[in-house]
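User: Hi! I have a model open and would like to talk through a few details with you. Here it is.

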Amino acid sequence: MPFVEGLRCRECGRPYPAEALHVCEWCFGPLEVVYDYEAIRSSISRESIAAGPPSIWRYADLLPVRSEGAVNLGAGFTPLVRADRLAAELGLGELWIKNDTLNPTGSFKDRVVSVALTKAQELGFKVAACASTGNLANSVAAHAAHAGMESVVFIPADLEAGKVITTAVFGGRLIAVDGNYDDVNRLCAELAGQHPSWAFVNVNVRTYYAEGSKTLAFEVAEQLGWQVPDHVVVPVASGSQLTKVAKGFKELYSVGLLDAEPHVRISGAQAEGCSPVAQAFAAGRDAIKPVKPNTIAKSLAIGNPADGPYALEAVRDSGGSIGSVTDEEIIEGIRLLARSEGIFAETAGGVTIATLAKLAAAGVVRSDERVVAYVTGNGLKTIEAVAPHCGPTARIAPTLEAFAAAVDISEVG
Ligand SMILES: *Cc1c(COP(=O)(O)O)cnc(C)c1O
Ligand SMILES: [Zn+2]
């Protein structure tokens, strides 16, 4: 990682070495990676990126790790799908879906975990751990298995079966905690203190983990022919992803990959049952009031979001908004995306699409904008959400008569 200068406190600016550090010892602010953008600018080009692998590692120069020997299951470089049918339903013009359901373990978390575990190995850690709302545990268990690392992952005990089973299958230690994510996270902060030789991807190596989300911005710009969208809609749990998407677009300009300074409006999406950032936005507050989550969007159910204030700032600075949607609207969002575009998202994707619909109806997301919605997790992991609404059109005997009786073929065409 020739381009990393070190770490810096986001609040007071104090410098730190690029080690397993995540908070400032002076002011407890989060630490951020500092790069030498001038050096990157002279090393990187659109052509060098295009010649790279079809994964997040094509942007290795903008990541805080060495890419040789990366813990790599192929995260990233997911399709950017033009969504004309959905756009028409929502009264929008140019709409794209960043389909991050197609990552190795079915969520965008593979981007951050691939970076975090690569750094963990660089720093000599042998054990990968995390506090998770589901997808992170899934991804850490898979990447640890691939890297031959031990894993210990912690989840709230009430997660969907699709997330528990697809995590357990990788053979690490999966600990279901009686409590919500914020309880799990508190436990992991304590455990991280007790086990300094474990790499908790979202605690002691969080600074590096977070950088993986920038690739969501890099890929969209590259896939649009090195242009940025006018408006993006991003789901918010801890707020890390949204904050880093904002940083990603700016970095592309800093290293000379964009022709003009980007002005991307960034809007956030939350479930009403866990919307501390949306509430602060609506009230015009800077401080985030923690809430007790109660929503089917379990992957976004963080009541006390670590990066909430930074997400809020990124949204406000960009001229975006933050919306929230009910469980019913989330289910309708999943079904709308599926029937209009053929993409099956988990509940977090339902949050994004339903929020996009609301912001479009309110005129916040406009029909003259080029819009990208980030759909970050696969519907196969949360089939419970749509199961009551989805089943066979008919069950019939294997005869022409039975088919004719069951289906009005004049409607089929
Ligand atoms: C974790 C997660 C998010 C949001 O992540 P933050 O960076 O914590 O805001 C979004 N979508 C899905 C599917 C996730 O699992
Ligand atoms: Zn500080």
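User: Which residue stands opposite Pro 15 in strand 2?

Analyst: Arg 8 stands opposite Pro 15. Before we go on: this is a predicted model, where local features need pLDDT of at least 70, side-chain atom pairs count only at pLDDT 80 or more, and totals for chains, interfaces and linings use all residues. Residues are numbered from 1 along each chain as its sequence is written, chains are lettered from A and ligands numbered from 1 in the order in which they are written, and side-chain values use heavy atoms, with hydrogens and water left out.

User: Thanks! How many bridges join strand 1 to strand 2?

Analyst: 2 bridges join them, and the two strands run antiparallel. They form a hairpin with 5 residues between them, and Gly 13 in the turn has a positive phi of about 80°. Strands here are DSSP E runs of at least two residues and helices are H or I runs of at least four, numbered from the N terminus; two strands pair if DSSP finds at least two bridges between them.

User: What is the strand order in the sheet?

Analyst: The order is 2-1-3, in an open sheet of 3 strands with antiparallel pairing. Strand 2 (15-16) and strand 3 (31-35) stand at the edges with a single partner strand each, so one side of each has no neighbour in the sheet. Between strand 1 (residues 4-9) and strand 3 there are 5 bridges, and Gly 6 has Val 34 as its bridge partner in strand 3.

User: Switching to the metal. Which residues coordinate the zinc ion (ligand 2)?

Analyst: Cys 9, Cys 12, Cys 24 and Cys 27 do, each through SG, at 2.3 to 2.4 Å. Donors are N, O and S atoms within 2.8 Å of the metal (3.2 Å for Na, K and Ca), and as water is not among the atoms, sites may look incomplete. In sequence the donor residues are spaced C-x2-C-x11-C-x2-C.

User: Why is the arrangement tetrahedral?

Analyst: Because the 4 donor atoms subtend angles of 97 to 119° around the zinc ion; four donors count as tetrahedral if all angles lie between 85 and 135 degrees.

User: Is Cys 9 buried or exposed?

Analyst: Cys 9 is buried, at 3% relative accessible area, whereas Cys 12 is partly exposed at 36%. Buried means under 20%, exposed over 50%, and partly exposed in between (1.4 Å probe, protein chains only).

User: Good. Now charges: what does Glu 32 form with Lys 244?

Analyst: A salt bridge, with the closest N and O atoms 3.2 Å apart; the term means a side-chain nitrogen of Lys or Arg within 4 Å of a carboxyl oxygen of Asp or Glu. Glu 32 lies in strand 3 and Lys 244 in helix 10 (residues 240-254), so the pair ties together parts 212 residues apart in sequence. Lys 244 counts as buried, with 7% relative accessibility.

User: And what about Glu 32 and Arg 10?

Analyst: Their side chains meet in a salt bridge too, at 3.8 Å, N to O. Arg 10 is in the loop between strand 1 and strand 2, so this pair links parts that are 22 residues apart in sequence. Arg 10 is partly exposed at 28%.

User: Which residues are linked in the network of salt bridges?

Analyst: Arg 10, Glu 32, Glu 211, Lys 214, Lys 244, Lys 247, Glu 251 and Glu 313. Within that group, Lys 214 and Glu 211 meet at 2.6 Å, N to O. Lys 214 is buried at 0%, and Glu 211 is buried at 0% as well.

Conventions. Four donors count as tetrahedral if all angles lie between 85 and 135 degrees; four count as square planar and six as octahedral if opposite donors are over 155 degrees apart and all others between 65 and 115; anything else is irregular.
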